[in-house]
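Me: I'd like to go through a structure with you. Can we start with the inside and then move to the surface?

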Amino acid sequence: MLHIYILLPFLAALLIGLAAKKVDRIHTGWFVLPVPAVLFILFISKLPILAEGKIVQSIANWIPSLDIQLSFYLDGLSMLFSLLITGIGSLVVLYSIFYLSKKEQLVHFYVYLLLFMGSMLGVVLSDNVFVLYTFWEFTSISSFLLIGFWFYRERSTYGAQKSMLVTVFGGLAMLGALILLSITAETNSIREMIANRSEIIESDLFIPILLLLLIGAFTKSAQFPFHSWLPDAMEAPTPVSAYLHSATMVKAGIYLVARFSLIFSGTDVFFIIVSGVGLITLCLGSILASRQTDLKGILAYSTISQLGMIMTMLGFGTGIATLAAIFHIFNHATFKGSLFMIAGIVDHETGTRDIRRLGGLYTFMPISATLAFFGAFSMAGVPLPIFNGFLSKEMFFDSSLKLEQTSGFAGTFAEWIPLLAVIGSIFTFVYSMYLVFGTFTGKAKLDQLEKKPHEAPIGMLISPIILIGFVVLIGLLPNLINESLLAPAVASVTGDFAQIHLKFWHGLNGPLYMSLIVVAVGTILALTLKRWQPIYNRVPGKFSTDRVYQTIVNGLLSFSSKFTKFYMTGSLRLYTSIILVFLVVSTSIFIYVTDGFKIAFDDLAPVTWPEVLVGFVMAVAAIATIWMTQRIAAIIVIGVVGYGLSLLFVFFRAPDLALTQLIVETITVALFLLCFAHLPKLKKSDKKSSEKLVDFVIAASTGALLTVVAISSHSSKYFESISKYFVDNSYKLGGGDNIVNVILVDFRGLDTLFEIAVLGLAALGIYAMIKYRDKGDMNH
């Protein structure tokens, strides 16, 4: 059943184009909306099963020889993410119907969106690590397409390329970790890996596995120092930002860390790296958000900051911290998704997202302003019971005060965490106030706006209203989702189904004092923002991660350009020499290292004088081609080699191979004769003696290597020959008496098909080049 859930968005992506063309008067989004909505209802219907401590799973074979199955399971953690993917997805599609004009390439947009939705579901539901990786890369590809949807904008293509480079780099690192994990645990199943936790931790590969896996998670979730791609991705349409960068894609790295926490959590290295990077990301993201002037830029860095806070709590590894992280994943999706939509509404109705040109919009857009107020105050963690963000942030403070690492570097580091948590939260408060008050209060600057501001249509407001409704509802009644959603998700991460009662008031305690400090200091900094904001002109300066990224990319491009110009000289001789030298060197090293050279004279057919004579003629003909000055003569002499090989097949009783060789040789000679007029005229070589010597060495080495490989392939018996299988099954399975024909047509039918296709493509390519050459147009 889970297979169908994942497959549904992909099937819809295939069909959506047909539906849109049939009824072009209706916005394409209306055809897409039922897909996430139906999936959301289907997932909701499984909540009672998870509440009983059970899981839903489905398995189908994919590549059984490699122990790779399409194995999916729905537990508390994957349920939380599946509901976010489909629930937020439904609201985003509804929002996009009113945000995107019908003049846009809507079919492309929704196909990309559905591909991403299906890929994310595949990530969070996969049990097989290699299936997970496959969907992981699909999310990178589909998000690249979504971010670069407005491809005619330079910043959009730059942001798409940057996100692709960073996340695919992380994905390759993660693949290395998954391969090492599967080798160490001797399984590809995540659940079985968790069961073999002790073997993984005690393995010498534990540190490399952890580091590679975390690189994959950090790049996807925009953790320091891989965070700079996220702000550039804000050039995507606002529905994309609201979906990918608040609720789904950036949460994939969070999901990865949470999913594998049962393996790595509890170790000092996991605590230090995950919590350390999370805290740096929290503080850096919140500090940099206060310097932005673009509404979506502020929200981008705020997302980085919030993801850092969640990652920090997952690094703690305690029950209360895990609950706080899971709770904040949900809360962040509600208030951040709504804020992105409000930013899109402001842009849509005023023509700008530049906060320096905005202000006083509350009068013109009272509903949007009210929604932004609730979203921003929840994100800031203002201690009022109507903001769900405060509940999870207070739990974050509480968990930071209750860390149990008491010795060594981990203990020293743990002592500083509450202070860093407060610093990051202070700037979170600052950018939240900056966002809402800088946009909606103060004096209106109508002369700086492209449009006269007015409230958005109700259709565009429905989605943020629903999300803000959850902000208030969960703030007032957090236990509505505790038992059914949060507790099963926490159990999936910690292995303990313990349930903690959530409430607003815990008395006068440390977390409350920390929240009050955040509000007090944050208010002062927010009121004096313009006085200290110029400090950003010096910090971080040339050491910013964005500049580091650009320096690395520019360096790679420069090196690649110089290296390519070094060997791409237009000389066919040089290209052929490089290929052959690499072949000779790499193969020779492999044969030497593996002791692969063998000579065995057993099971050989007797060689008589006719075979020796034919072989001698072939050798003379092959050597004679070097001194040929006439093209037709050269073609005929080359044909002697091919027809001589056919004769040898006859002598050694392989008539099928002889017939095949005859046909191939005849076609080859005919093709040469047909196009020889277009070949360059043969002339005496004017190469230097040193060049001729190099050519001779390369040619002789290549010939000697192929001879050695041929002898070794016959003499080495590392594997049982497959010939007996063909003999036993050619008639039984293929229905043919001729074994060679059955092999070519049945057992290796696809190989034969692709060989024919390659020959056909080569013929078309040759024909095209000749045609354009005759027309004098080779620029094509």
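Me: How many cavities of 30 Å³ or more are there?

Reply: The count is one cavity of 30 Å³ or more. A cavity here is a set of points on a 1 Å grid over the protein atoms alone where a 1.4 Å probe fits but cannot get out. This is a predicted model, where local features need pLDDT of at least 70, side-chain atom pairs count only at pLDDT 80 or more, and totals for chains, interfaces and linings use all residues. Residues are numbered from 1 along each chain as its sequence is written, and side-chain values use heavy atoms, with hydrogens and water left out.

Me: How much space lies in the largest cavity?

Reply: About 70 Å³, volume being the space filled by probe spheres set on the grid points, which are joined across faces, edges and corners.

Me: Which helices each supply at least two residues of its lining?

Reply: Helix 18 (319-350), helix 19 (366-380) and helix 21 (408-440) do. Helices are DSSP runs (H or I, at least four residues), numbered from the N terminus. Lining residues have an atom within 4 Å of a point; among them are L339, A372 and F440.

Me: What is the lining like by class?

Reply: Ten residues are nonpolar, one is polar and none is charged. Asp, Glu, Lys and Arg count as charged, Ala, Val, Leu, Ile, Met, Phe, Trp, Tyr, Cys and Pro as nonpolar, and the others, Gly among them, as polar.

Me: Now helix 14. How many of its residues are buried?

Reply: Eleven of the eleven residues in helix 14 (residues 249-259) are buried. Buried means under 20% relative accessible area, exposed over 50%, and partly exposed in between (1.4 Å probe, protein chains only). The buried residues of helix 14 include K251 and R259.

Me: On to salt bridges. How many does the structure hold?

Reply: Ten. A salt bridge is a side-chain nitrogen of Lys or Arg within 4 Å of a carboxyl oxygen of Asp or Glu. One of them pairs R356 with D354, with the closest N and O atoms 3.0 Å apart.

Me: Is D354 buried or exposed?

Reply: D354 counts as buried because its relative accessibility is 17%. R356, at 53%, counts as exposed.

Me: Which parts of the chain does the R573 and D695 pair link?

Reply: The side chains of R573 and D695 meet in a salt bridge (3.0 Å, N to O). The pair links distant parts of the chain, with R573 in helix 27 (residues 572-593) and D695 in helix 31 (residues 689-715), 122 residues apart. R573 is partly exposed, with a relative accessible area of 31%.

Technical notes:
1 Å grid on protein atoms, 1.4 Å probe; cavity = no way out; pocket = protein on both sides within 12 Å on 5 of 7 lines; lining within 4 Å.
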